[in-house]
Amino acid sequence: MNTEKDLTTIMEIIEKHELKNEIIEWYKIGPPNNVGFMWCKYNTPAKKYMQDLVLDMGYDSSGFAWMHRAIQARVNKKYI
């Protein structure tokens, strides 16, 4: 697993995705503090898409949460 390469790939996918604005907004806000990315509800198409993308890239358990936080940091750096 090459996390830097995967993170770059994910950001490229977000940039071209039809739900780009919703995905970016979600990462700007982030999940509730008391649940984090591991246990938040993936109840919108944008959230579900990102959940599936991260899982499909092989990130599960703590890697799942870590990758979401890395995406969040990149989104905040690029779009805020």
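Predicted model: local features only at pLDDT ≥ 70, side-chain atom pairs only at ≥ 80, totals over all residues.
Side-chain values rest on heavy atoms, with hydrogens and water left out.

Helices are DSSP runs (H or I, at least four residues) numbered from the N terminus. In soluble globular proteins, nonpolar side chains tend to be buried together.

The axes of H1 and H5 come within 10 Å and cross at roughly 55°; such axes are lines fitted to C-alpha atoms over the stretch in contact, and angles run from 0 to 180 degrees between N-to-C directions. H1 and H5 are therefore oblique to each other, a term for angles that are neither under 35 degrees (roughly parallel), nor over 145 (roughly antiparallel), nor 65 to 115 (roughly perpendicular). The contact (heavy atoms within 4.5 Å) involves residues of H1 including Leu7, Ile10 and Ile14, and residues of H5 including Met67, Ile71 and Val75. By class, the contact of H1 with H5 has 10 nonpolar, 2 polar and 5 charged residues, where Ala, Val, Leu, Ile, Met, Phe, Trp, Tyr, Cys and Pro count as nonpolar, Asp, Glu, Lys and Arg as charged, and the others, Gly among them, as polar. Methionine 67 touches Thr3, Asp6, Leu7, Ile10, Val54 and Tyr59, not counting residues up to four places away in sequence.

H4 also packs against H5, at an angle of about 120° and with the axes 10 Å apart, which makes H4 oblique to H5. In this pairing, Met50, Gln51, Val54 and Leu55 of H4 meet Phe64, Met67, His68 and Ile71 of H5. The residues of this contact divide into 6 nonpolar, 2 polar and no charged.

For helix H2 (residues 20-29) and helix H4 (residues 45-56), the axes come within 9 Å and cross at roughly 80°, so that H2 is roughly perpendicular to H4. Glu22, Ile23, Trp26 and Tyr27 of H2 form the contact with Ala46, Lys47, Tyr49 and Met50 of H4. This contact of H2 with H4 has 6 nonpolar, no polar and 2 charged residues.

Tyrosine 27, placed in helix H2, is buried, with a relative accessible area of 0%. Apart from neighbours within four places in sequence, tyrosine 27 is in contact with Phe37, Met50, His68, Ile71, Gln72, Val75 and Asn76. Tyrosine 27 and lysine 77 are 50 residues apart in sequence and 11 Å apart in space, C-alpha to C-alpha.

Histidine 17 lies in the loop between H1 and H2 and counts as buried at 18% relative accessibility. With neighbours within four places in sequence left aside, histidine 17 is in contact with Ile23 and Tyr49.

Conventions: Residues numbered from 1 in each chain as written. Helix = DSSP H or I, 4+ residues; strand = E, 2+ residues; numbered from the N terminus. Buried < 20%, exposed > 50% of the residue type's maximum accessible area, 1.4 Å probe, protein only.
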